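This report describes selected local features of one structure, moving from a single side chain to strand pairing and helix packing. Please keep the sequence and the coordinates at hand while reading.

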Amino acid sequence: MGAKAFLNGHIYISFCPKKEAGGLLIAGGRVLSSGREDQIRDLAERLGAEIVDLKGKTLLPGFIDSHAHLDEVGLSLRSVDLRGTKSLEELKGKLDAFARDNDSPWILGYGWDQELFAEHRWPTRYDLDAVEKKRPVMLSRVCLHAAVINTPALKELGLDPSSPNVLKGKDRAPSGVIVEEALNIAKEKFRRSLTIEDWKEYLRAGAFHAASRGVSTLGFVSCGARELAALIELGEELPLRVRAYLNPERDVLKALKGLGIRRGFGDDLLKIQGIKILADGSLGARTARLSDPYEDDPEAFGQYNVRRDELFSLAAEADEAKLQLAIHGIGDATIDMILDAYEALGHSDLRHRIEHASLSRPDQIERMAQVGIAVTVQPHFVLTDWWLLERVGQRRAKWIYPFRSIMQAGVPVGFGTDSPVEPIDPFETLYAAVTRGKFEAPSVYETSKEEALTVEESLYCYTLGSAYIMGEEKLLGNLEEGKIADFVVVEDDPLTVDERHLRTVRTAETYLGGRRVF
């Protein structure tokens, strides 16, 4: 690839410490040099490099989303969008409009939150049956830990009142709401109907959507074997780098171990990083496992999605195979169990992770630092979970999403979106990390405003921070000389715009290894 010099813009090389430059010179997909504009222009002319005029725009290292569901992103782009739906009647209207224009054998939807509904209740299969009685319908809650299905889907999946995690109505019949294990069964049933070509289409769509928002590397968590096969077939078609964390089926772990495949296997575009384990649920569905009951449901503690002995066994097997662990832990009781499992492993240089660490007590943050693990957080949860005070109560509210406390303890932190749970747009995430609900959820903000981050801290977590927790800091995360030239060009400078306008910053271009992919 020929040399290019990017000039006449505001260029950030790295954050924390912040390093700026007047020009950036790249060649062969790597950063060759950065410095004053006149220096870079002179060097570019001597090399015969192409001059790219930024026209006053801002150039940043590419965003690294350390935790997203690339398959679900692709699926969500071809599903009923239910985010922000304010009533069950509105939900039914959106479902009806989509069903009329779509002839797929299954109808999927995503993004509803019962806390927003005017009817103040969860949707039921009867609500969906009123719209679609023939084809199976599955509409996932925003957290992806609960869904509502219609009666045809209930029959197709073979679920009945005795099935685990099938919620029941007052008549003791299935209400249509399914959570955790039952939802996983439903998803797997649908996924088995898809071919590799289907997955290539979904993954390609999801990848281009992420790249269009400035994401240059994505940690693909809960990646299945078929999805991995589709990614391998896509190869150079991918517009971003993918780091895969596979589902922990025993045959997958056994196969990886037997072949000697360990963290970092692959090429610069696609690598296998490790194993993702789902240890509990979500706060929104009240399935995250807490030490004390939920404030708004004293009978509920949430649930573990994996037994303690099973978690310890899986963790030991993955660690022995030199695969990085990424364990989902939202409730504080689950975080205790995960920390116990990591302590049992002893010292590891694999940078094993906790995903989310949503309700983290101060003593747990201290243990994270002592054990030597990393954490990936999703700042946009703060805005989505505006009902937090009612759910966990005033005493525990200050333990929710403690980003600054975790960083100050010396625990490596990377940013993710859990997309499609949250928007994959990095500037939505930056806005949430910096404002922390000040304008949307003032009660949450007032309870924990000391956990808000600066823009520079947030940009660091989204670049070198995420690169570090995935073991990629020598290649990715900033634009120092010799590193891979992944960067984005944006319309406004996020370090100078008013915090209210952070979420409106738009990506103009995305470059992968110096090649423009958007």
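## Arginine 41

Leaving aside its neighbours within four places in sequence, arginine 41 is in contact (heavy atoms within 4.5 Å) with Leu7 and Ile51. The model is a predicted one, in which local features need pLDDT of at least 70 and side-chain atom pairs count only at pLDDT 80 or more, while totals for chains, interfaces and linings use all residues. Residues are numbered from 1 along each chain as its sequence is written, and side-chain values use heavy atoms, with hydrogens and water left out.

Arginine 41 lies in helix H1 (residues 37–47); helices (H or I, at least four residues) and strands (E, at least two) are DSSP runs, numbered from the N terminus. With a relative accessible area of 33%, arginine 41 is partly exposed, where buried means under 20%, exposed over 50% and partly exposed in between (1.4 Å probe, protein chains only).

## Parallel strands

Strands E17 (residues 324–329) and E18 (residues 353–356) run parallel and are joined by four bridges, pairing being assigned if DSSP finds at least two bridges between two strands. Glycine 329 has histidine 356 in E18 as its bridge partner. Three bridges join E18 to strand E19 (residues 374–377), again in parallel, and arginine 353 stands opposite alanine 374 in E19.

## Helix H14

In helix H14 (residues 388–397), the buried residues include Leu388, Val392 and Ala397. The buried residues of H14 pack against helix H17 (442–448).
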